Amino acid sequence: MHSFDHILNWKLKQGSHTFPGQDGGTCINEAAIVAAGFPYQPVRSVYDMPKCFSRPICALAMQLNDEASDEERQQLLPFVIRLACADTLEVEQEREAYIAARMRWRLSFRQRLEILTGALAIGRRADELAPDEVRTRMAGVQKCAATPTSVDEHPLISKFQGWFVGVF
């Protein structure tokens, strides 16, 4: 897993993106969609994710992605291939309860990353992908990019979304 941040020339960025630029910038959930073999699509809500993605886990990943510093955000790269792990309703509720019971104000990024890791240990694991396969999928999306950079489509909205994830 740790090799993924080296083999992917992908930069995780805050917020949703219309299309990843040539620098590969997207949020973690948009990158996860591509890594899982789906066509690229912007993600403004966890409900934009394909059904094989765990909603509670994607919501936490989105929150971490949007609230992290640029440096911290890159620590999420190894999780890109792990989000496509939706399970039964009971398991998804267990994941949601696990996250809710542990999330508190003023937790460090590292502590919240540990909560994500713990939630991913509950239920079905995402299918393992070969690093070459993921690299090929991400590179294909980068080649389609018309612009050199990715711009947050709705920077203010993504900030509010990050604040309110899990509140409602």
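**Entry 1: a crossing to start with**

I opened this predicted model at helices H5 and H6, and I noted that their crossing is right-handed. I then looked up which residues touch there. From H5 the contact takes Arg95, Tyr98, Ile99 and Arg102, and from H6 it takes Glu114, Ile115, Gly118 and Ala119. Sorted by class, the residues of this H5 with H6 contact are four nonpolar, one polar and three charged.

**Entry 2: the geometry of that pair**

I reminded myself that two packed helices are described by the angle between their axes and the distance between the axes. For H5 (residues 89-102) and H6 (residues 109-120) I found an angle of about 160 degrees, and the axes lie 9 Å apart. An angle over 145 degrees counts as roughly antiparallel, so H5 is roughly antiparallel to H6.

**Entry 3: H6 and H3**

Which way does H3 cross H6, left-handed or right-handed? I found a left-handed crossing for H3 and H6. H3 spans residues 55-67, and it packs with H6 at an angle of about 160 degrees, with the axes 10 Å apart. That angle makes H3 roughly antiparallel to H6.

I listed the contact next. On the H3 side I wrote down Ile57, Leu60, Leu64 and Glu67. On the H6 side I wrote down Phe109, Arg112, Leu113, Ile115, Leu116, Ala119 and Leu120. This contact of H3 with H6 has nine nonpolar residues, two charged ones and no polar ones. I put a mark beside Ile115 and Ala119 of H6, which are listed in the contact with H5 and also in the one with H3.

**Entry 4: stepping back to the chain**

Among contacts with a separation of 6 or more, 69% join residues 24 or more positions apart.

I looked up the confidence last. The chain averages a pLDDT of 79, and 64% of the residues score at least 70.

Notes:
Residues numbered from 1 in each chain as written. Predicted model: local features only at pLDDT ≥ 70, side-chain atom pairs only at ≥ 80, totals over all residues. Heavy atoms only, no water. Axes fitted to C-alpha atoms, helices over the stretch in contact; angles between N-to-C directions. Helix = DSSP H or I, 4+ residues; strand = E, 2+ residues; numbered from the N terminus. Parallel < 35°, antiparallel > 145°, perpendicular 65-115°, else oblique. Left-handed = near helix turned anticlockwise from the far one by under 90°. Contact = heavy atoms within 4.5 Å. Nonpolar A, V, L, I, M, F, W, Y, C, P; charged D, E, K, R; others polar. pLDDT = per-residue confidence, 0-100.
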